[in-house]
Amino acid sequence: MYMTVIRRLNCFDAPKIKKMISYLTNEDGEKFSRALSKDALLVLHNLLPLKYKFLPASYILLEQKEILGLITVLPTRGNPYKINISRLIFQQNMYDVGKRLVEFVIARLGAKGASSFIVTVDQCHDELLNLFMQGCGFRQCSYENLWKLDNFKPATDVKANFRYCQNSDAKQVAHLYNNELNNLYKPSLERIPDEYKDPVFAGLTNFYKNRYVLEEPSNHRIIAYLSITTSDNLNFIIDMSLNDAYDVPYDEILNFALSEIARRKTTFYAFLKHRQYTKNADILEKYLHERNLNCIQTQCVLVKDFYKQIRQPENVLQIFQFGEGSIFSSN
C-alpha cells in the first residue's frame with residue numbers, strides 16, 4: 001500500500017522538481033526552477049494569516065517519496081480571500097493527482113477564510129477543463145483573449161493624456177471596472193477598491209505592473225484605466241477599462257501604452273487582453289479585426305465560490321426516497 005502525502009514545497013524538493021520538469025528547454029526549466037525555489041524559501045510568509053498573504057504558495061503530492069504533482073496558488077493583490085490557481089503540474093495523464101491537489105488547496109484555504117478560487121484554462125485543453133468543472137465544481141464564467149499587437153497600424157498617432165494611477169483613485173477605478181462587466185458575471189468577477197492599490201511589498205511580487213488613469217478635464221472624473229504588466233521584461237500585457245459614456249478612441253490608448261513600453265525597452269512583444277465578459281467586448285473585437293491583428297490565445301475563466309457549511313442541528317434524521325428521487329431531512 002502506497003502512502004500519499006500533500007505538503008508545502010520546501011527547498012529540499014529542488015532535485016526532484018528539476019527531474020519532474022526535465023522535458024522543458026534549459027532556459028524555460030531554469031526560469032521555472034528559480035520561481036519554485038523562491039516559493040520554497042518563503043518560510044515566514046507561510047506563517048502569516050490569509051488576510052496578510054500576498055506571495056505565491058506551492059504544494060506537492062508525493063507517493064512513496066516521489067513527486068507526482070504540484071500546485072501553486074496566489075492571493076489576489078488587495079483581496080487575499082480571492083485565490084488564483086496559477087500553476088498545476090502532474091505526471092502524464094494523472095488527472096486524479098491534479099484533482100486531489102485542487103481539492104486540497106480549496107479545503108485548506110477555504111477553512112482559513114478564502115471566498116473564491118479562479119483559474120484560466122486554455123479552451124483547447126478539454127481534459128483540464130473537465131478536471132476543474134466536472135471534477136472540482138468550478139463553473140465557466142466567460143473567456144479572456146490575448147491579441148498580439150504585431151505590426152500595429154493605428155489610424156492616428158495621437159496619444160491619450162493618461163497619468164499615473166494613485167491609491168486615491170482605487171474606488172473610482174473599481175467602479176469603472178465593475179460597471180463594465182455584464183450583469184451575468186458581476187457576482188463572480190467584481191473587484192474591490194483594494195485590488196487597485198499598490199501593495200506594501202510590491203518589490204516582492206513576481207511581476208511588474210504600471211497603472212494609469214485618464215480623467216475627464218472638466219470634472220476630473222476617471223473615464224479610463226490602463227495597466228501594463230510583465231513578468232519577464234520582454235512580453236507586456238495591456239489591459240484597459242473604459243467608461244462607455246465617453247468615446248475614448250482605442251488608437252489613442254494603445255499609442256500611449258506602446259510608447260510607455262518603448263520608453264523602457266527597445267525590443268519587446270505587446271499583447272492586448274480582451275475580456276469577453278464586458279459590455280463592449282464585441283466593439284473591441286471588431287476594432288482588433290479592423291487593425292488586422294491576431295488572437296493568439298483564448299482562455300476559459302473558471303470560478304469556484306467557497307461556502308462555509310452551516311452547522312447542522314444534532315439528531316437530524318435523513319430519509320432517502322429512491323423511487324421518487326427526492327431527498328429531504330426531518331428532525
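These questions and answers walk through a predicted model.

The model is predicted: local features need pLDDT of at least 70, side-chain atom pairs count only at pLDDT 80 or more, and totals for chains, interfaces and linings use all residues. Residues are numbered from 1 along each chain as its sequence is written, and side-chain values use heavy atoms, with hydrogens and water left out.

Visitor: How many helices and strands does the protein have?
Guide: Helices (H or I, at least four residues) and strands (E, at least two) are DSSP runs, numbered from the N terminus. On that basis the protein has 14 strands and nine helices.

Visitor: What share of the 331 residues count as buried?
Guide: Buried means under 20% relative accessible area, exposed over 50%, partly exposed in between (1.4 Å probe, protein chains only). Of the 331 residues, the buried share is 43%.

Visitor: At what angle do the axes of H8 and H9 cross?
Guide: Axes are lines fitted to C-alpha atoms, for helices over the stretch in contact, and angles run from 0 to 180 degrees between N-to-C directions. Angles under 35 degrees count as roughly parallel, over 145 as roughly antiparallel, 65 to 115 as roughly perpendicular and the rest as oblique. H8 and H9 are therefore roughly perpendicular. Their axes come within 11 Å and cross at roughly 70°.

Visitor: Which residues of H9 meet H8?
Guide: Contact means heavy atoms within 4.5 Å. H8 brings Tyr-250, Asp-251 and Leu-254. From H9 come Ile-283, Leu-284 and Tyr-287.

Visitor: Is Ala-257 buried or exposed, and what is its relative accessible area?
Guide: Ala-257 lies in helix H8. Leaving aside neighbours within four places in sequence, Ala-257 is in contact with Leu-226, Ile-228 and Ile-238. Ala-257 is buried, and its relative accessible area is 0%.

Visitor: How far is the C-alpha atom of Ala-257 from that of Ile-238?
Guide: The two residues are 19 residues apart along the chain. Their C-alpha atoms are separated by 7.3 Å.

Visitor: What distance does H4 reach from its first C-alpha to its last?
Guide: H4 covers residues 95–111, 17 residues in total. The expected span of a helix is 1.5 Å times one less than its number of residues. That gives an expected 24 Å, and H4 reaches a span close to it, 24 Å.

Visitor: Which residues does Asn-79 touch, not counting residues up to four places away in sequence?
Guide: Asn-79 is found in strand E4 (residues 79–90). Asn-79 is buried, with a relative accessible area of 12%. Asn-79 touches Ile-192 and Glu-195.
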